[in-house]
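This briefing covers helix packing and backbone geometry in the structure shown below. Please read the points with the coordinates open beside them.

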Amino acid sequence: MDSGSIAWVLTSAVLVWIMTPGLGLFYAGLGDKKNLLHTVGISVLLIGLATVVWALLGYSLSFGGSGSLIGNLHFWGLNHVSLSGSTRGLTIPDGAFAIFQGMFPIITVTIITGSVVGRMRLKSMLVFLTLWLLFIYAPLAHMVWDNGFLAKLGAIDFAGGTVVHISSGVTGLVLALILGPRNDQKPHQTNPIFVLVGGFLLWVGWFGFNSGSALAANNQAIVALINSWVASSAAVLSWGLIAYQIQKRVTLDGLVTGALAGLVAITPAAGYVKPWAAIVMGLIAGVLGFISITTIKNFFGYDDTLDAFGIHGIGGTVGALLTGVFADKNLPGSAAGLISGHWDLLGHQVIAVLVTLALVVIGTLVLAGITRVIAGPLRMDDTDESTGYDKLIHLLVIKD
């Protein structure tokens, strides 16, 4: 065991934990004022829900056993998880690994809420997300990060392009389509300070998210942090440029969202590509992110409330595919991508994306049906939706 690596992974776990309240604040700044407290409150509530689900069953289903599709219940309740040694060939104890990995499902389910906040019933949301963690997130984590089907196939995902971003973004879109559009889609004023503070909590937490995924204080962690830094910075510039070219204005909300788009895209590739490639990926992500939440969203007409699909679903897909292009075989733990003259990895990445999409779309439809049986309707009634959750639950109306 290496004390430096243990310290870094535990620190990274705390940084990832910070991302969830940061995302709640970011969403609250972008969303409707009548659901401001509710939007932030969901992030706190989901810390509790996802943590308990992870400790009881999620970790074991994700990282227990040797099956191809899902783990077993050997580690239920975090039993048999070593606090002093590693069964995974790492220089950190299994307990530290379980802590770090446990922060990922929390932020993942919180991303989903951005697509449907303000029109999905809270009870139904909590039931659905509990099922989702067990039957969609856990199998994906096992297949990608625990030598399951996709890992054996040869696909790579450094910190969650498929497991976190594609899964959450696509789930959000499917739920939004099931629920139907909001009754009131009139433009409303955002809160730039909430967006800035929440966005920067996400940004700083993302350094732990990506760099900590090296699972050691080593040169791969350094590469991942550098790439996260330069990709997000490049995305800020490309987002700002295309926004100015098309809309003749650049907003603070947009620049922060651009940074997050770059971070999403680099996540699956963070430890596998050179910094120059990370900059290219960031530039692409900034442009594509802007187009996703404006042109693409408007063309298809879906109501993805806070653009979880546009940023995470589309951005995660592009990042996963570009990993197959730019992965550099000379970096530790990486594979040979298209720039190294090998097509195989790109093909594996395509299969991984398609498998993820199939599992998420079909799984979301099935779990939504089960949720209706357990918790009743998914959508709020029109009166409650018009009133907003802040008044319904928090007994407070945010005044102008």
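A residue is taken as buried when its relative accessible area is under 20%, and as exposed when that area is over 50%. The model is predicted, and on this criterion 13 of the 15 residues of helix H9 are buried, so H9 is largely enclosed by the rest of the structure.

**Helix H9 and its packing against H8**

- Helix H9 covers residues 252-266 and packs with helix H8, residues 219-247, at an angle of about 135°, the two axes being 7 Å apart.
- On the H8 side the contact is made by Asn227, Ser228, Ala231, Ser232, Ala235, Val236, Trp239 and Gly240, while H9 contributes Gly254, Leu255, Thr257, Gly258, Ala259, Gly262, Leu263 and Ile266.
- Sorted by type, the residues of this contact between H8 and H9 comprise eight nonpolar, eight polar and no charged.
- The end C-alpha atoms of H9 are 22 Å apart, which agrees with the 21 Å that its 15 residues should span at 1.5 Å a residue.

**Helix H7 and its packing against H8**

- Helix H7, residues 192-211, packs with H8 at an angle of about 140°, with the axes 8 Å apart, and that angle makes H7 oblique to H8.
- The crossing of H7 and H8 is right-handed.
- From H7, the residues Trp203, Phe207, Asn210 and Ser211 meet Ala221, Ala224, Leu225, Ser228, Trp229, Ser232, Ser233 and Val236 of H8.
- The residues of the contact of H7 with H8 divide into seven nonpolar, five polar and no charged.
- Ser228, Ser232 and Val236 of H8 are listed in the contact with H7, and these three residues of H8 are listed in the contact with H9 as well.

**Positive phi in two loops**

- Most residues other than glycine have a negative phi, which is the background for the two residues described here.
- His80, a residue other than glycine, has a positive phi near 65°; His80 is found in the loop between helix H2 (36-63) and helix H3 (94-113), and at 57% relative accessibility His80 counts as exposed.
- Asp307 likewise has a positive phi, near 65°, in a residue other than glycine; Asp307 lies in the loop between helix H10 (275-300) and helix H11 (308-326), and with a relative accessible area of 16% Asp307 is buried.

Technical notes:
Residues numbered from 1 in each chain as written. Predicted model: local features only at pLDDT ≥ 70, side-chain atom pairs only at ≥ 80, totals over all residues. Heavy atoms only, no water. Axes fitted to C-alpha atoms, helices over the stretch in contact; angles between N-to-C directions. Helix = DSSP H or I, 4+ residues; strand = E, 2+ residues; numbered from the N terminus. Contact = heavy atoms within 4.5 Å. Nonpolar A, V, L, I, M, F, W, Y, C, P; charged D, E, K, R; others polar. Expected span 1.5 Å × (residues − 1). Buried < 20%, exposed > 50% of the residue type's maximum accessible area, 1.4 Å probe, protein only. Parallel < 35°, antiparallel > 145°, perpendicular 65-115°, else oblique. Left-handed = near helix turned anticlockwise from the far one by under 90°.
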